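Subject: A structure for you, with some notes

Hi there,

Here is the structure I promised to pass on. Have a look at it first, and then read on for what turned up.

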Amino acid sequence: MIKSTNIYVSSDQHKTLALISDIHYTKNYSEKRLEEVYENLKYNHPDYICIAGDFLDQGNVLEEKESRKIFYTWIKKVAKIAPVIISIGNHDVGVKRKKWSYYVPKENIDKLNSFSNVHVLDNNSVVIDCICFLGYTLPFIYYDQKPHEQVEPYVSDIDQKLKTHLRKDYFHILLCHTPIYATHVQVCATEVLKTVDLVLSGHMHNGIIPFHGKGNYGLISPSKKIFPKYAWGNFKIDRTQYIISGGIIAFSKMSPFIFHFFNCFFPSHIEYIHLC
């Protein structure tokens, strides 16, 4: 089941974006789920399709031939609907054996970028029509150091990576997998966040249970923080609009096995963002 949400953002672009995140594709993934996502996108026919990270469940998933074939076939099919813009999430660059380790699977990025109408943004940008899409990949220490997900790597890194990609008089859309510190006062003060018009994220899986009310709280975050703020939905800070996708699945294969069953009860989320 897919829950489609329509969101309206003030802009002179008059375009529609589909936002999806947290596909967490892995071996033996449900091809039915992939097909449902494709059919929903095909029916709504957006102008752009944005995937805000964690399209893979681990960075080495595409090393397996059959898994690679299924995913590449699907992404090529989706790209025939509209340009696909992808940012990098922690699972896309993470591999867990006894513990998580991180690396950039450059061969995955290069292969996906070789497909027509597919743009994987690893700390770079692409301009389509009059929109500048930026994709921010957080430094590995953001996810790896303890305590997890601290603001300092974010603040010291984002301008260094993306400031030169900002373009005068363009509508800027930033794809950043995690929204946890995109709203922090120090991050909002960076040149990138002061410039972008729209921030698209995922990562939070709707906080598993979203609590409706001020602050967009959820029950728990991926880093196991209870009642995380800005876990879902859309909101505005100063001039910048933030939209957080609920994700395609709630619990990935890397979560404890007992939770996998509950994916049956959580709908996949696709947000349709109308710039108007």
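Let me start with a pair of helices: the axes of α2 and helix α3 (residues 106-113) come within 11 Å and cross at roughly 35°. Axes here are lines fitted to C-alpha atoms, for helices over the stretch in contact, with angles from 0 to 180 degrees between N-to-C directions. From α2, the contact (heavy atoms within 4.5 Å) involves Phe-71, Tyr-72 and Ile-75, and from α3 Asn-108, Lys-111 and Leu-112. By type, the residues of this contact divide into four nonpolar, one polar and one charged.

Before going further, please note that this is a predicted model, where local features need pLDDT of at least 70, side-chain atom pairs count only at pLDDT 80 or more, and totals for chains, interfaces and linings use all residues. Residues are numbered from 1 along each chain as its sequence is written, and side-chain values use heavy atoms, leaving out hydrogens and water.

Now for α1. This helix has 14 residues (31-44) and reaches 20 Å from its first C-alpha to its last. Its buried residues (under 20% relative accessible area, 1.4 Å probe, protein chains only) are Arg-33, Leu-34, Val-37, Tyr-38, Asn-40 and Leu-41. They lie on the same side of α1 because they cover an arc of only 160° around the axis. On the other side, Glu-31, Lys-32 and Tyr-43 are exposed, meaning over 50%. Among the elements covering the buried residues of α1 are β1 (2-9), β3 (48-52) and α2 (65-79). After α1 comes His-45, with a positive phi near 45°.

Enjoy exploring!

Key
Helices (H or I, at least four residues) and strands (E, at least two) are DSSP runs, numbered from the N terminus. The expected span of a helix is 1.5 Å times one less than its number of residues. The arc is that of the directions from the helix axis to the C-beta atoms. Ala, Val, Leu, Ile, Met, Phe, Trp, Tyr, Cys and Pro count as nonpolar, Asp, Glu, Lys and Arg as charged, and the others, Gly among them, as polar.
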